[in-house]
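This briefing covers model confidence and salt bridges. Please keep the sequence and the structure at hand while reading.

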Amino acid sequence: MKKQTAYKALSEYSPLYPYVVIPFRKTTIGPLLRYLATVIKDFFFLQFSVKFKARNIEVIHVDNELDQKVPFVPEKVDIYLDFVNFWIRPLSFILQRFDRKRRLSYCAVYLDAIRTCYREAARMYRFRMSTTYRPPAALFGKFRMIHILDPHLLCVPSLHVAVVVLTYTFFSEVFKREHMPEEQAARLSEELYRGAIEIAETVLYVKQHSVNCIAAALYMMINITHGHYTIEAAVAFIQDLFRDSPYIPAQDAALIRTHILDLFEQLMLEGCNESDWVEPLKHWIVRYGMTH
């Protein structure tokens with residue numbers, strides 16, 4: 001790693017820098033193109049094909065009564081829309097602070113990992129699509145763009161939650177592996193973790209997901225990261241959601257955390273008897289669709 005002259009927060013790194021490096025390097029162009037192809041195929045094309053009736057996949061509403069305890073907070077839309085920059089800024093840090101060989105290698109590995117999130121989640125989406133009720137976009141300016149680009153049919157598992165979990169897990173490991181100064185590594189990891197918590201909460205504040213979607217995403221990440229994301233980390237993540245929220249009474253926040261944890265544990269226990277991580281989630285959504 002290059003010698004550090006100052007400890008900047010990740011938020012101070014421009015998300016634009018990776019756009020002028022990653023597409024033009026042999027090590028990263030392949031992973032980038034594979035990632036983009038997967039997003040087009042398994043996110044955009046998949047749900048738009050159902051929206052426009054070119055494909056027939058049952059869509060199940062996965063709302064939970066606890067979602068009503070989370071108020072709609074439209075001013076948090078900028079946090080929701082910052083989702084992509086959230087994982088691009090750490091790439092910018094790596095590209096500017098690490099030596100050439102290692103920085104490109106880390107970028108390539110991360111792009112392959114985020115692609116895996118989309119591919120694995122799509123296995124569930126092709127079985128059943130899922131949605132939640134959300135306020136009309138016409139009432140809130142920036143939500144119009146969200147509604148245009150996202151037909152809102154891919155809720156379980158939440159890719160927003162899966163990717164932010166991947167991001168803080170992956171880069172925290174990188175910081176340790178690179179033997180960064182302990183204080184800096186801890187501070188950057190904490191920044192990522194708090195950002196991940198904030199985005200996970202925001203998907204509920206802006207009514208893009210249900211509490212059920214968060215549990216499903218954490219369950220998926222346990223199973224597709226091959227030990228990098230642990231049960232202990234997932235439980236800690238759940239327990240940190242909506243701590244000291246100014247929008248939700250403490251007793252309601254506790255109920256939300258308990259529900260997410262219960263569903264997560266249920267999926268994990270059922271997964272012990274399955275050879276494929278997605279099977280318990282398939283069983284759950286079929287039961288949910290029949291009872292709600």
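Is K282 buried or exposed? K282 is buried, at a relative accessible area of 19%, where buried means under 20% relative accessible area, exposed over 50%, and partly exposed in between (1.4 Å probe, protein chains only). This is a predicted model, in which local features need pLDDT of at least 70 and side-chain atom pairs count only at pLDDT 80 or more, while totals for chains, interfaces and linings use all residues. Residues are numbered from 1 along each chain as its sequence is written, and side-chain values use heavy atoms, with hydrogens and water left out.

**Confidence**

- The protein chain has an average pLDDT of 95, and 98% of the residues score at least 70; pLDDT is the predictor's confidence in each residue, from 0 to 100.
- Over residues 1–5, pLDDT stays under 50.
- For residues 1–5 the model has 15 contacts (heavy atoms within 4.5 Å) beyond four places in sequence.
- Where pLDDT is low, the predicted coordinates should not be read in detail.

**Salt bridges between separate elements**

- The whole structure contains 13 salt bridges, each defined as a side-chain nitrogen of Lys or Arg within 4 Å of a carboxyl oxygen of Asp or Glu.
- One of them pairs R126 with D42, with 2.6 Å between the closest N and O atoms.
- R126 sits in the loop between helix 4 (100–125) and strand 2 (129–131), and D42 in helix 1 (residues 26–51), so this pair ties together parts that are 84 residues apart in sequence.
- Helices (H or I, at least four residues) and strands (E, at least two) are DSSP runs, numbered from the N terminus.
- R126 is partly exposed at a relative accessible area of 35%, whereas D42 is buried at 6% relative accessibility.
- Another salt bridge joins E270 and R287, whose closest N and O atoms are 3.4 Å apart.
- This pair links distant parts of the chain, with E270 in helix 10 (residues 250–271) and R287 in helix 11 (residues 278–291), 17 residues apart.
- E270 is partly exposed, with a relative accessible area of 24%, and R287 is also partly exposed, at 37%.

- K282 forms a salt bridge with E279, at 3.6 Å from N to O.
- E279 and K282 are three residues apart in helix 11, so about one helical turn separates them.
- E279 is partly exposed, with a relative accessible area of 22%.
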